[in-house]
Amino acid sequence: MQIFSFAGNGVTMYVTERGKQYMEILKAENLIKIYGKGDNQVKALDGVSLSVEKGEFVAVVGTSGSGKSTLLHMLGGLDRPDSGKVQVEGKDIFTLKEEALTIFRRRKIGFVFQAYNLVPVLSVYENVVLPVELDGKKADRKFIEDILDTLGIREKAGNLPGQLSGGQQQRAAIARALASKPAILLCDEPTGNLDSRTSQDVLGLLKISGQKFAQTIVMITHNEEIAQMADRIIRIEDGHILSAKGRGLM
């Protein structure tokens, strides 16, 4: 398949020979990250490059120590690579100073972690709108309620996190990540603390939410069954991408 590319406003649009369009929203180029020195040196990422299109759901699969968590932290600007670039909507995030990067991350990147990280003294609704309010903005109540409806926890909006099941808490964490309408959603083993049935339910709702709100999702996992729910699977081992299958640019 031949692909033609066009750049504008820092974002690359790809058009296949059949006329199908892809908009590249996330791009990593030759990421290298080394921890330790001398005999203790570990190359967590060794020249990793990838591209994600707008609206795509990508699963990054690898064993413990493969580099998948390090990769997610680089894509989200939580850690800086020793070399290489990460572009979100055409913006090279590592050209930003720390304060500017923090603001960019808060506005453009949503995170869902294995630990729910909900504030225990705040209600579900208050937890969900917290990042928006910390950015000095007013939450879009109708949009938030729509998210809670989609995730099946609107009736729990007034509850404290301690009154929810693990699956409900993770849904609240997903709602919080979506609340600021980020460019991309990064999920780090989002069902790691859930049983298999609840994991399937939560991932199904995550995928539905992504489709409904035109959300781009990158999820890391070691669970092959969960990874199959994604549009594309990227396999990483020893800091190298081994393979990628499914739709997408890479």
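These questions and answers go through a predicted model and ask what each description of it rests on.

Q: What makes up the secondary structure of the chain, and how much of the chain counts as buried?
A: The secondary structure comes to seven helices and 12 strands. Of the 250 residues in the chain, 48% count as buried, a term that requires a relative accessible area under 20%. The accessible surface comes to about 12,100 Å², and carbon and sulfur atoms hold 48% of that surface.

Q: What share of the contacts in the chain with a separation of 6 or more joins residues 24 or more positions apart?
A: Such residues account for 66% of the contacts in the chain with a separation of 6 or more, where a contact means heavy atoms within 4.5 Å.

Q: Why is strand β5 called largely enclosed by the rest of the structure?
A: Strand β5 covers residues 57-61, and five of its five residues are buried, so the strand is largely enclosed by the rest of the structure. Both of its faces are covered, with Phe57, Ala59 and Val61 buried on one side and Val58 and Val60 buried on the other.

Q: What makes helix α1 mostly covered?
A: Six of the eight residues of α1 (residues 68-75) are buried, namely Lys68, Thr70, Leu71, Leu72, Met74 and Leu75. Just after α1, glycine 77 takes a positive phi of about 70°.

Q: What lines the largest pocket, and which residues lie nearest its centre?
A: The largest pocket holds about 400 Å³ of space and is lined by 17 residues, of which Ile109, Gly110, Phe111, Pro131 and Arg176 lie nearest its centre. At least two lining residues come from each of α2 (98-108), β8 (109-112), α3 (124-134) and α5 (166-179).

Q: How is the lining of the second largest pocket made up?
A: The second largest pocket has a volume of about 170 Å³, and of the 13 residues that line it, Val132, Lys137, Ala179, Ser180 and Lys181 are the closest to its centre. Helices α2 and α3 each supply at least two residues of this lining. The lining divides into five nonpolar, one polar and seven charged residues; lysine counts as charged, so Lys137 and Lys181 are among the charged residues.

Conventions:
Residues numbered from 1 in each chain as written. Predicted model: local features only at pLDDT ≥ 70, side-chain atom pairs only at ≥ 80, totals over all residues. Heavy atoms only, no water. Helix = DSSP H or I, 4+ residues; strand = E, 2+ residues; numbered from the N terminus. Buried < 20%, exposed > 50% of the residue type's maximum accessible area, 1.4 Å probe, protein only. Areas by Shrake-Rupley, 256 points an atom, 1.4 Å probe, with all protein chains shown as cover. 1 Å grid on protein atoms, 1.4 Å probe; cavity = no way out; pocket = protein on both sides within 12 Å on 5 of 7 lines; lining within 4 Å. Points joined across faces, edges and corners; volume = space filled by probe spheres on them.
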